[in-house]
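Let's take a friendly walk through a protein model together. Have a look at the picture first, and then we will go through some of its parts.

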Amino acid sequence: MIVDRLSAPPVLLIGAVRGLYSESDATLAQLDRANPDHLGLALSPEEYEGIGTYFSDAEAETTIHLIETEKSEIQALTRWGEVRVPNPTAVRAIEWARRRSVPVHPLDPPDEGAAAMFTASIGYVELVRRTLRERSLARAPPSAQSPDDFALQWDRRMSAGSGSRDLARNRDSYLVAGAREVLTKSRNLAVIVDRERFELVRSLFRAPADRP
């Protein structure tokens, strides 16, 4: 996990490795320490609603169907500890906020907007290459020395093309713009993103608001 307390704008930015349960413990410790009055998550509104309805404080487990790439990522991460789906950091952060009546803001684009971003950024050639990269990752995940390194290597291999990098920048620009809106009513905002998104999101926060 990586954390930075930005001063302009005032945001506690947390980057946690997706799926690894120990990252959720570390994230909750940071939230307890910072005690934010608003919480932003790198989730779409639909993802947030699904997690909040079926997983946060749930009494029974819900079945989740995974694609081969997701199975490979999970299996590779288990060398560093327990892995859960959906991302336990998001699930437990929502539970943390509910217990304290802290407003939660899903900052990623809604499904329809994300689909439009994907179509605008990913052409046919890049789509084929992404499919091949997914299959390569499923067969041979990164050989990393730490979960942090694993998350970064996984993302670099998946997002090697220019179209994929454009998609990531558009998505993270959307997140930062939404966080800036939340800051108009927050004195102490915390934003949680997947580890591989941390550096780009931090750089966009530090850029002028009118040209991220």
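## An aromatic cluster

W80, F150 and W154 form one aromatic cluster. The structure holds two aromatic pairs, where rings of Phe, Tyr and Trp (its six-membered ring) pair if their centres lie within 6.5 Å. F150 and W154 make a tilted pair, with 5.6 Å centre to centre and 40° between the planes; planes under 30 degrees apart count as stacked, over 60 as edge-to-face and the rest as tilted.

Why are F150 and W154 separated by about one helical turn? Because they sit four residues apart in helix α7 (residues 147-158). Both F150 and W154 are buried, meaning under 20% relative accessible area, with exposed over 50% and partly exposed in between (1.4 Å probe, protein chains only).

## About the model

This is a predicted model, in which local features need pLDDT of at least 70, side-chain atom pairs count only at pLDDT 80 or more, and totals for chains, interfaces and linings use all residues. Residues are numbered from 1 along each chain as its sequence is written, and side-chain values use heavy atoms, leaving out hydrogens and water.

Helices (H or I, at least four residues) and strands (E, at least two) are DSSP runs, numbered from the N terminus.

## The sheet

Five strands, in the order β1-β2-β5-β3-β4, form an open sheet with mixed pairing; two strands pair if DSSP finds at least two bridges between them. At the edges are β1 (2-7) and β4 (104-106), each pairing on one side only. Strand β3 (residues 38-41) runs parallel to β4, and three bridges join them. Across this pair, L39 stands opposite V104 in β4.

Two helices pack on the sheet. Helix α1 (residues 21-34) touches β1, β2 (10-16), β3 and β5 (189-194), while helix α8 (residues 162-182) touches β3, β4 and β5. Contact means heavy atoms within 4.5 Å.

How do the axes of helix α5 (residues 111-121) and α8 meet? They come within 9 Å and cross at roughly 150°. Axes are lines fitted to C-alpha atoms, for helices over the stretch in contact, and angles run from 0 to 180 degrees between N-to-C directions.

From α5, M117, F118 and S121 meet G163, D166, L167, N170, R171 and Y174 in α8. The residues of this contact divide into four nonpolar, three polar and two charged (Ala, Val, Leu, Ile, Met, Phe, Trp, Tyr, Cys and Pro count as nonpolar, Asp, Glu, Lys and Arg as charged, and the others, Gly among them, as polar).
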